[in-house]
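Please look over the sequence and the model below, then read the points grouped by topic.

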Amino acid sequence: WYSFWNANLLVSLLFVSIHFPIWYMNADKIAHGAIAWAQLGAFIFGFSLLQGWLFQKASSLWPCIMMHMVNNFMALALVG
């Protein structure tokens, strides 16, 4: 129904919104102030766009799953 980039933009917005409750619950560890929240949202939005592009190129979820796992590991290692 949608072009790839329109669908990818929509999914990226949904990806940011589904992560928001987690950020809110851990706000003291994640972001301090509006600028930090905006940077975090922009990072996750861009990360989701990249994941969508990777899925299109690879025609498989596995590279996306692995990339998400590495990102989560790095976030846990750096933020705690």
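Two residues are said to be in contact when heavy atoms of theirs lie within 4.5 Å. By that criterion, and leaving out residues up to four places away in sequence, V16 touches W23, G41, I44 and F45. The model is a predicted one.

**Helix α1**

- Helix α1 covers residues 4-25, which makes 22 residues.
- At 1.5 Å a residue, helix α1 should span 32 Å, and because its end C-alpha atoms are 33 Å apart, the model agrees with that expectation.

**The largest nonpolar core**

- Six residues make up the largest nonpolar core: F15, V16, W23, L40, I44 and F47.
- Two or more residues of this core come from each of α1 and α3, the latter running over 34-58.
- V16 belongs to this core, and among its contacts are the core members W23 and I44.

**The largest pocket**

- The largest pocket holds about 540 Å³ of space.
- Its lining consists of 20 residues, and those nearest its centre are W23, I30, N71, N72 and A75.
- At least two lining residues are supplied by each of α1, α2 (27-30), α3 and α4.
- The greatest contribution to the lining is that of α4, which gives eight residues.
- W23 takes part both in the largest nonpolar core and in the group of residues nearest the centre of the pocket.

**Residue N71**

- N71 is located in helix α4, which comprises residues 62-79.
- N71 counts as buried because its relative accessibility is 18%, and the limit for buried is under 20%.
- Apart from neighbours within four places in sequence, N71 is in contact with F43 and F47, and F47 is one of the residues of the largest nonpolar core.

**Residue A7**

- A7 is part of helix α1.
- With a relative accessibility of 27%, A7 counts as partly exposed, because that class lies between the limits of 20% and 50%.
- A7 and G46 are separated by 39 residues in sequence, while their C-alpha atoms are 14 Å apart in space.

Note on methods:
Residues are numbered from 1 along each chain as its sequence is written. This is a predicted model: local features need pLDDT of at least 70, side-chain atom pairs count only at pLDDT 80 or more; totals for chains, interfaces and linings use all residues. Side-chain values use heavy atoms; hydrogens and water are left out. Helices (H or I, at least four residues) and strands (E, at least two) are DSSP runs, numbered from the N terminus. The expected span of a helix is 1.5 Å times one less than its number of residues. A nonpolar core is a set of buried Ala, Val, Leu, Ile, Met, Phe, Trp, Tyr and Cys residues joined through side-chain atoms within 4.5 Å. Buried means under 20% relative accessible area, exposed over 50%, partly exposed in between (1.4 Å probe, protein chains only). On a 1 Å grid over the protein atoms alone, a cavity is a set of points where a 1.4 Å probe fits but cannot get out, and a pocket is an open set with protein on both sides within 12 Å along at least five of seven lines; lining residues have an atom within 4 Å of a point. Grid points are joined across faces, edges and corners, and a volume is the space filled by probe spheres set on the points.
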